[in-house]
Amino acid sequence: MTGSATSKRFLQIAPALAIIGFFMLAPLGLMAYVSILEKGLNGGVVWDLHTSEAYVNFIFERDLDDSLILNTDYLQIFARSFGLSLLTAALALAIGFPTALYMSMQPEGRRNLLIFLVTIPFWTNLLVRNYAWILLLRNGGLVENLLHWLGIAADQPLGLLYTPYAVSIGLTYSYLPFMVLPIYASLEKLDSRLIEAAFDLGADRRRALLRVILPLAAPGIAAGCVLVFVPALGAYVTPELLGGGKSMMIGNLIQSQFGAARNWPFGAALAFALLTIVLLAMMVYLIRFRRAPAGGH
Amino acid sequence: MRVDVTNPLWRFRGIRATTWVFFAYLYLPILVLIALSFNENRLATIWSGFSTQWYGVVLDNDDIVRAAGNSLIVASVSTLAATLAATLAALGMAKGRFRGADGISGLIALPLVVPEIVTAVATLLFFILIGFKLGLLTVIVAHTVFCIPFAYLPIRARLEGMDKALGEAAADLYANDWQAFQRVTLPLLWPGILSGGMLAFIISLDDFVITYFVAGAGATTLPVYIFGMIRIGITPEVNAISSLMLIVSILFVTLSFLIGRMRR
């Protein structure tokens, strides 16, 4: 390639890189820096005072005499976020894997239609879709009426909304397509002769599933779990709308530091911790499942 | 996967039923919401008759119309900026591999990886600390950033599927770079650009979390306004405006999907 072609190419890529670098990468760096600053009295930060206070705040709070007392409130929120996100990934896998298997066994035209139907909700407003669950789950809502009608639950208001259950239903609903698509992708290109061979060698369905299909679909399953777990961990809208005060997750805690609590360094530290966890999860996945040469699959 | 339908061993029990559960789970809430938006009753979940009155009420509400206007301005400007940057980047990246290409791809995909709430916090801090006044402009800038990967991916995919010989043929026939681009590459790339642009548009129109953080006074977009309405309570107005948003998104995505599938 000649020098002028190289520089032309650089000029073509430059605007996108500049926008993302300047308005995303730099802000993330700034956020990390803010997390080690001292908080200002009325919000904001004190620029030249560096402190690890924000990170100490995760576990301790300061008493009046400046001694540290153990405070597990925030740890509980972290633990709840992890628990709910793991539950969400598990639920999504339980529904998503059979669906992906069914889809991959359909004729081609039907498969494309099903894929399209799976992706549509992703492009619709997350806020609005979670709001729909308020209508379904609230006292006197459709789910409650259905449970009463089926005789599963006693004939009284159930209080389904504003519970961790509501949050996990909402999170699973929000991120379910992210589980199905990668699993489908790995099943779709699977060589069916391998499964035929297992059948020919006397394997029943269960054995073929456990010993052939599941191991071959493992990269897709792992990708799906990461793609569901990661956004669930950083969720803000779902716990805000469906969770109520007792089901707060990390996202809500972060938001509150920029609203009522006015503690920017702590908010920045929480966001930085969340980012670190997410990037670690991604890295573990990449190292474990994407050993192939860069760019390949 | 090619399946021999005559072999009974292929019939995995329960996967068909689970697929039904899956699609019901995915679509019932949307359908219920849209159905309830046509409910005449003031109490949003008790059905008493079909009516389109709430759509009228919503479209008569000046605040909602203003918020929708803001949403359209933001989505249009950031889509244009993001699609332009993404198209250029895709063209630059398509000309063979080079050192650092993986890093650049990673950076372009960064907005997809970082949790929205983290991006929102970082962007808010950035604008405040460099003294950039929060308003419509900060929203547009923030949206442009996360729209770039959504526009980039379909354009890149389209370029990947294109026959490189066509460009070389144009060069053989004495077309200069610009002519070859304008007459050969661009017409072939156009569906990819349109499809990417539409996806960026819809992503911008739907965004709530980042907008909620970086929108100053007077820059309320429709999702932020809807969030405020939901906070106050469940009303038929919320049902109507929410349904409108859903329907617009679904129409847009279907259109983008059809354009993306246009003959190569």
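**Exercise 1.** Determine which elements the buried residues of α11(A) pack against.

*Solution.* Start with the definitions: helices (H or I, at least four residues) are DSSP runs numbered from the N terminus, and a residue is buried if 20 or more other C-beta atoms, placed from the backbone, lie within 10 Å of its own. The model is predicted, so local features need pLDDT of at least 70 and side-chain atom pairs count only at pLDDT 80 or more, whereas totals for chains, interfaces and linings use all residues. Residues are numbered from 1 along each chain as its sequence is written, and chains are lettered from A and ligands numbered from 1 in the order in which they are written.

Next, list the buried residues of α11(A): A:I250, A:G251, A:N252, A:L253, A:I254, A:Q255, A:Q257 and A:F258. In chain A they pack against α3 (73-104), α9 (205-233), α10 (237-243) and α12 (264-289), and in chain B against α5 (116-129). Contact here requires C-beta atoms, placed from the backbone, within 7 Å. Since 8 of the 9 residues of α11 (residues 250-258) of chain A are buried, this helix is largely enclosed by the rest of the structure.

**Exercise 2.** Describe the side of chain B that touches chain A, by element and by class.

*Solution.* The contact takes 71 residues from chain B and 71 residues from chain A. On the chain B side, the elements giving two or more residues include α1 (15-37), α3 (62-94), α4 (101-113) and α6 (136-160). α1(B) gives the most, with 14 residues. By class, this side has 55 nonpolar, 10 polar and 6 charged residues. In this scheme Ala, Val, Leu, Ile, Met, Phe, Trp, Tyr, Cys and Pro are nonpolar, Asp, Glu, Lys and Arg charged, and the others, Gly among them, polar.

**Exercise 3.** Work out how α8(B) and α11(B) are oriented to each other.

*Solution.* The axes of α8 (residues 177-206) and α11 (residues 236-260) of chain B come within 8 Å and cross at roughly 165°. Angles over 145 degrees count as roughly antiparallel, and the two helices are therefore roughly antiparallel to each other. Among the residues that meet are B:P191, B:L194 and B:M198 in α8(B), and B:F252, B:V253 and B:I259 in α11(B). The contact of α8(B) with α11(B) has 10 nonpolar, 4 polar and 1 charged residues.

**Exercise 4.** Characterise the contact between domain 1 and domain 2 of chain A.

*Solution.* An automatic or database assignment sets the bounds: domain 1 (29-71 + 263-297) and domain 2 (89-248). Their centres, taken over C-alpha atoms, are 31 Å apart. In contact are 7 residues of domain 1 and 8 residues of domain 2. The domain 1 side has 7 nonpolar, no polar and no charged residues.

How values were computed. Axes are lines fitted to C-alpha atoms, for helices over the stretch in contact, and angles run from 0 to 180 degrees between N-to-C directions. Angles under 35 degrees count as roughly parallel, over 145 as roughly antiparallel, 65 to 115 as roughly perpendicular and the rest as oblique. Two residues are in contact if their C-beta atoms, placed from the backbone, lie within 7 Å. A residue is buried if 20 or more other C-beta atoms lie within 10 Å of its own, exposed if 12 or fewer, and partly exposed in between; C-beta atoms are placed from the backbone.
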